Amino acid sequence: MCYNVVMTSNTFIFFGRSGCGKGTQAHLLQQKLEQAGGKVLYIETGAKFREFMEKGNHTSNLTKEVIANGGLLPAFLPVWVWSNFLIENFTGTEHLILDGLSRRAFEAPILDSMIGFYKRDRPYVILIDVSREWSKERLMGRKREDDTDEYIESRLNWYDRDVVPAIEYFRNHSGYHFVEVNGEKSIEEVHDEIVKKLGIF
């Protein structure tokens, strides 16, 4: 199969409620870009935090404690996790796929400052839109021990309270392409809609 992806490197920022499948869609997009001959740097803040918490130092132990108690981490930690990874690994030529980098409104300008510093031209913000009810049903269906009704409700409340304002920052920013897709469909259908709306292949 022949692909016709633009040669310039692009940036893709994923948002969506818990359970919407944004990690799956981010990986599918990564595969698509690599099949087209591009190099991809994928940053998923949650995975980077899990790696960090295994270090066993004072800061990682405190981080474990905050997360175990359902608390919010101080702003410097998530910013440090993704910015440090970029500083150490980004050469400037890769496509960037960013998942979970701006989860509070005051973090959005920080991410925007990174985009400006690296001179990334009009990133694509991809919102996988699912309803609160759909998300809750999906999370409850996983039947994980820690997915109690109270915990799930707190995650959904957090998204509405903290993440949505960050999304709106990028939706209303003329320097970004804002792509919204219906996440309440099959994995393949969501992927196809993302690819079609990006319009770069």
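This is a predicted model: local features need pLDDT of at least 70, side-chain atom pairs count only at pLDDT 80 or more; totals for chains, interfaces and linings use all residues.
Entry 1, helix α6. I looked up which residues of α6, spanning 132–141, are buried, and found Trp 134, Ser 135 and Leu 139. I then checked how they are placed around the axis: they lie on the same side of α6, because their arc is only 130°. On the other side of the helix I noted Glu 133, Glu 137 and Gly 141, which are exposed.

I asked what covers the buried residues of α6. The cover includes α7, residues 149–171.

Lys 143 sits in the loop between α6 and α7. Its phi is near 55°, a positive value in a residue other than glycine. I noted this since most residues other than glycine have a negative phi. Is Lys 143 buried or exposed? Lys 143 has a relative accessible area of 72% and is exposed.

I looked up a second residue other than glycine with a positive phi, Arg 122, where the value is near 40°. Arg 122 belongs to the loop between α5 (108–117) and β4 (124–129). I checked its accessibility as well: the relative value is 35%. Arg 122 therefore counts as partly exposed, as the class runs between the 20% and 50% cut-offs.

Technical notes: Residues are numbered from 1 along each chain as its sequence is written. Side-chain values use heavy atoms; hydrogens and water are left out. Buried means under 20% relative accessible area, exposed over 50%, partly exposed in between (1.4 Å probe, protein chains only). Helices (H or I, at least four residues) and strands (E, at least two) are DSSP runs, numbered from the N terminus. The arc is that of the directions from the helix axis to the C-beta atoms. Contact means heavy atoms within 4.5 Å.
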